[in-house]
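Let's take a walk through this model, starting with its pocket and then turning to helix packing and charge pairs.

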Amino acid sequence: MRTEEQKARRKAKSIEYVQKYRQTHRKELIARQQDYYQSLRIEVLTYYGGSKLACVKCGFSNPNALCIDHINNDGANHRRLLGISTGYETILWLFREGFPEGFQTLCCNCNTIKKRLADNKIKSLPGIGGL
């Protein structure tokens with residue numbers, strides 16, 4: 001059986017090893033984390049796009065311009081309630097919670113139009129209608 005001193009030394013050695021590994025392999029670890037986030041983002045956007053990686057309103061499909069929208073326009077309150085401040089945290093939360101209802105994939109244009117319509121800054125646009 002190990003003594004408390006042996007456990008403490010082993011733990012300190014383990015922490016030192018992990019810190020050294022992270023420092024040595026920093027670029028590789030960052031690239032792996034970015035790849036994981038992008039694949040998770042694609043999966044979430046696809047799910048909320050109705051099994052398509054596209055805006056549910058106009059069909060635009062460039063993933064760089066797609067975002068998650070709170071259908072009931074309560075995104076700010078929802079994020080505040082959960083303590084979420086970034087898109088990464090939102091994507092991660094949606095995935096971990098098993099894709100809850102109340103969200104959809106929109107392109108940035110449709111999302112902006114929807115927000116402006118909700119804020120009564122614009123009236124309906126020809127061909128768009130109420131988003």
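Keep in mind that this is a predicted model. Start with the lining of the largest pocket, which splits by class into 8 nonpolar, 8 polar and 7 charged residues. That's 23 lining residues, and those lying nearest the pocket's centre are Ile68, His70, Gly75, Arg79 and Asn111. The space inside comes to about 490 Å³.

Strand β1 is the top contributor to the lining, with 5 residues.

Now for the helices. A packed pair is described by the angle between the two axes and the distance between them. For α1 (residues 4–24) and α2, the angle is about 80 degrees and the axes sit 5 Å apart. Angles of 65 to 115 degrees count as roughly perpendicular, so α1 is roughly perpendicular to α2. On the α1 side, the contact uses Tyr21, Arg22, Gln23 and Thr24, while α2 brings Arg26, Glu28 and Leu29. Sorted by class, this contact has 2 nonpolar, 2 polar and 3 charged residues.

Finally, the charges. Side chains of opposite charge can pair when their charged atoms come close. How many salt bridges does the structure hold? The count is 5. One of them links glutamate 5 to arginine 9, with 3.1 Å between the closest N and O atoms. Both glutamate 5 and arginine 9 belong to helix α1, where they are 4 residues apart, or about one turn of the helix.

Methods
Residues numbered from 1 in each chain as written. Predicted model: local features only at pLDDT ≥ 70, side-chain atom pairs only at ≥ 80, totals over all residues. Heavy atoms only, no water. 1 Å grid on protein atoms, 1.4 Å probe; cavity = no way out; pocket = protein on both sides within 12 Å on 5 of 7 lines; lining within 4 Å. Points joined across faces, edges and corners; volume = space filled by probe spheres on them. Helix = DSSP H or I, 4+ residues; strand = E, 2+ residues; numbered from the N terminus. Nonpolar A, V, L, I, M, F, W, Y, C, P; charged D, E, K, R; others polar. Axes fitted to C-alpha atoms, helices over the stretch in contact; angles between N-to-C directions. Parallel < 35°, antiparallel > 145°, perpendicular 65-115°, else oblique. Contact = heavy atoms within 4.5 Å. Salt bridge = Lys/Arg side-chain N within 4 Å of Asp/Glu carboxyl O.
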